[in-house]
Amino acid sequence: MKSALRNAYYFTLSRYSLNPNPSLLQIAPFISTFPSLPSVLSRNHPFGSPLCATLMAGGDYDSPQTSPLEKQFEKFRVQLEDSGSLRERIRAVVLEIESATRLMQASLLLVHQSKPIPEVLQKANSQINVLKGLYNKLAEVVRECPGQYYRYHGDWRSETQMVVSLLAFMHWLETGNLLMHTEAEEKLGLNNSDFALDLEDYLVGVCFMSNEMPRYVVNQVTAGDYDCPRKVLKFLTDLHAAFRMLNLRNDFLRKKFDSMKYDLRRVEEVYYDVKIRGLATTGDSVGDQGAQKI
C-alpha cells in the first residue's frame, strides 16, 4: 500500500515537472491530493506566491489604494480632532470667565448684608474689564472657525447668562433702570457682527436678575429701607409687562419668564405688608397697578 502511494506521488510530480508553466487548474488536483508537499515546492512554483494563494482561496486581489470609504472617514477623523481641540481651547477661556463671574457674584452678595452700595459696586466693577478681555479672547478663538458660532455657542451660554444677570443687577443698583441689550454688549465688548451677545442669553440673564429681587427687598426692609419694595415692584411690573409682548416658545426662556411672575408676587406681598403697617412712604399706587397687570 505504501509503495503504491509513493509511486503515484512521484508519477504525478514527474507529470507536472514536464510542463514548466503549469496552470492553476491543472495543478489544483495535485495540491488537494497531496496537501503535505515539501516546502521547497511552494517556494519554487508560481502558486506559492501570495497572489496565487489569494486566488486559490477564491478571493479577489485588491490594490493597496485607499478606498473612498476610508478617505471619507479619515476626513471625519481630522475634522473631529480639530473640533475637539477647538472646544478645549474654548473651554479653557470659559473656565476663566466662570472664575471672574464667581468673584463678581461674591462681591454683589454683600449688598444683601446692607453694605454701602458704592462700596459693593466698586469691587464688582473691577471684574468687568477682566470679563471684557476674556470675551475678546474667546471671540478670537471662535473666529478661527468662521460661520460656526452657534455650533460652539453652548460651551459658554450658561456663563454668559449669569454674567448678564450680574451686570443687569449692578446697573439697576446704580440707575434703577434695566440694562439694555446694547449696553450689555458694550460692557463685554460683544458688539461685533460675528461674535455678539445672543438675544436669548440676554433675556435669560434678565430673568435671572429678577430672581434676586425678592431677597434684596426683604433684606432692605429688614435694614429699615421701607421704600425699597415700592421701587422694586414698579420695576418688576414694567419688566413683566414688557416680557408679555414676546411670543415665547415652551422652552427654557419661557420657564424663566414664568418664574418672574412669582418674583413679582413675592415683592407685592412685602410691599403690602409694609404698607398695611404704615411703614411705606406715600407714593403712587404701583402695588395696585402691578396686581392688575398680572
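A: What follows is a short chat about salt bridges.

Q: Anything to know before we start?
A: This is a predicted model, where local features need pLDDT of at least 70, side-chain atom pairs count only at pLDDT 80 or more, and totals for chains, interfaces and linings use all residues. Residues are numbered from 1 along each chain as its sequence is written, and side-chain values use heavy atoms, leaving out hydrogens and water.

Q: How many salt bridges are there?
A: There are 17 salt bridges, each being a side-chain nitrogen of Lys or Arg within 4 Å of a carboxyl oxygen of Asp or Glu.

Q: Which residue does Asp194 pair with?
A: Asp194 pairs with Arg143, at 2.7 Å from N to O. Asp194 sits in the loop between α10 (181-188) and α11 (199-211) and Arg143 in the loop between α7 (128-142) and α8 (149-152), so their contact ties together parts 51 residues apart in sequence. Helices here are DSSP runs (H or I, at least four residues), numbered from the N terminus.

Q: New topic: what about Asp258?
A: Asp258 forms a salt bridge with Arg254, their closest N and O atoms being 3.3 Å apart. The two are four residues apart in helix α14, about one helical turn.

Q: Which residues join into one network?
A: Arg91, Glu98, Arg102 and Glu159 do, through salt bridges that share partners.
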